[in-house]
Structure formats: C-alpha cells, structure tokens
Amino acid sequence: MHYLLFIGAFLFFAFIAPLKLTLATCALLLIVTTVIRFTTRAVAGVDSSYSDAAKAVGLSFFFLVLSFFVLFSFSKGTGVSQITGFAGYLVFAAFLVSYILGFKLSLGLSFGASSVVAVISTVASTVLFFAFRSVV
C-alpha cells in the first residue's frame, strides 16, 4: 500500500516540475540508492536491494521530519525560542539518531553499522550531488 503513496507522490511531482528537474531527481535518487547499496555491502557485508536502499532514504527522511515536528511542537508549546548549549547538542544527537534509525530499520543492520552507512552515504551523496549540480 505504501508503494502506491510513493508512486502518487512521484506522479504529482512529475506533473508540477519541469522535465529536466524530474529526470535529475530520478538520477540523483538512483545515485544515492547505489551509494547506499555499495556502502552497506562494504561496511556490513550485507547485500541490499534498490528498494531497501530507497526505503532507507525515505524512512530516514520521515524520521528526521518527525523529530523536527516534535521539536517544533515542543518549542511552540513551551515558548522556548532558542536552544543553545548542551540542549542544542541533545537536539542534534536526537536528529542524528532519528536519521540513523531509518537506515537501521530498513536495512536490518546494527546501530553502529547503520551509523557508519548513514555517514558515509550522506557524505558521498552530497559530493555527488554538488558534482552533478555543476554539470546540470
């Protein structure tokens, strides 16, 4: 059922975005999932499919957005407008754990291996994104 949601979201995006942007997004998603697959195989020795890697990206983004909304709700409810010092580090750690949790749940790795996969794939994907952005 959730695949229908992804297909619907992609079709909505494809209808409202220009063709060049839609093709670039598809290419970048393929690059990111490939990086995750190779990183998972190199770090944990586990073969993952493209759908598992795409699910890892989607779940990580979902958990990150969910943790952001929890922080936003806390901020609106308590009136706290600045989070600095130790609390700022705790918020950063919570965001990082929520991001890594998406990789752990979708790829079936331990938390340590998931964190290594998340960090390596994020850095590699960012480098590839900026390299691809200068080409397009």
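Predicted model: local features only at pLDDT ≥ 70, side-chain atom pairs only at ≥ 80, totals over all residues.
1. Start with helix 3, residues 50-78. It has 29 residues. From first C-alpha to last it reaches 42 Å, close to the 42 Å expected at 1.5 Å a residue. Just after helix 3 comes Gly79, with a positive phi of about 85°.

2. Which residues of helix 3 are buried? They are Ala53, Ala56, Ser60, Phe63 and Ser67. These buried residues pack against helix 2 (19-44) and helix 4.

3. Helix 4 covers residues 86-107 and has 22 residues. Its first and last C-alpha atoms are 31 Å apart, close to the 32 Å expected at 1.5 Å a residue. Gly108 follows helix 4, and its phi is also positive, near 70°.

4. The buried residues in helix 4 include Ser98, Ile100, Gly102 and Phe103. Ser106 and Leu107 are buried as well.

5. Why does Ser106 count as buried? Its relative accessibility is 10%, and buried means under 20%.

6. The side chain of Ser106 has two polar contacts to look up. One is to the backbone oxygen of Gly102, at 2.8 Å. Gly102 is itself a buried residue of helix 4. The other is to the backbone nitrogen of Ala56, at 3.4 Å. Ala56 is among the buried residues of helix 3.

7. What does Ser106 touch beyond its neighbours within four places in sequence? It is in contact with Asp52, Lys55, Ala56 and Leu59.

Notes
Residues numbered from 1 in each chain as written. Heavy atoms only, no water. Helix = DSSP H or I, 4+ residues; strand = E, 2+ residues; numbered from the N terminus. Expected span 1.5 Å × (residues − 1). Buried < 20%, exposed > 50% of the residue type's maximum accessible area, 1.4 Å probe, protein only. Polar contact = N/O pair within 3.5 Å; in protein donor to acceptor, adjacent residues only side chain to side chain. Contact = heavy atoms within 4.5 Å.
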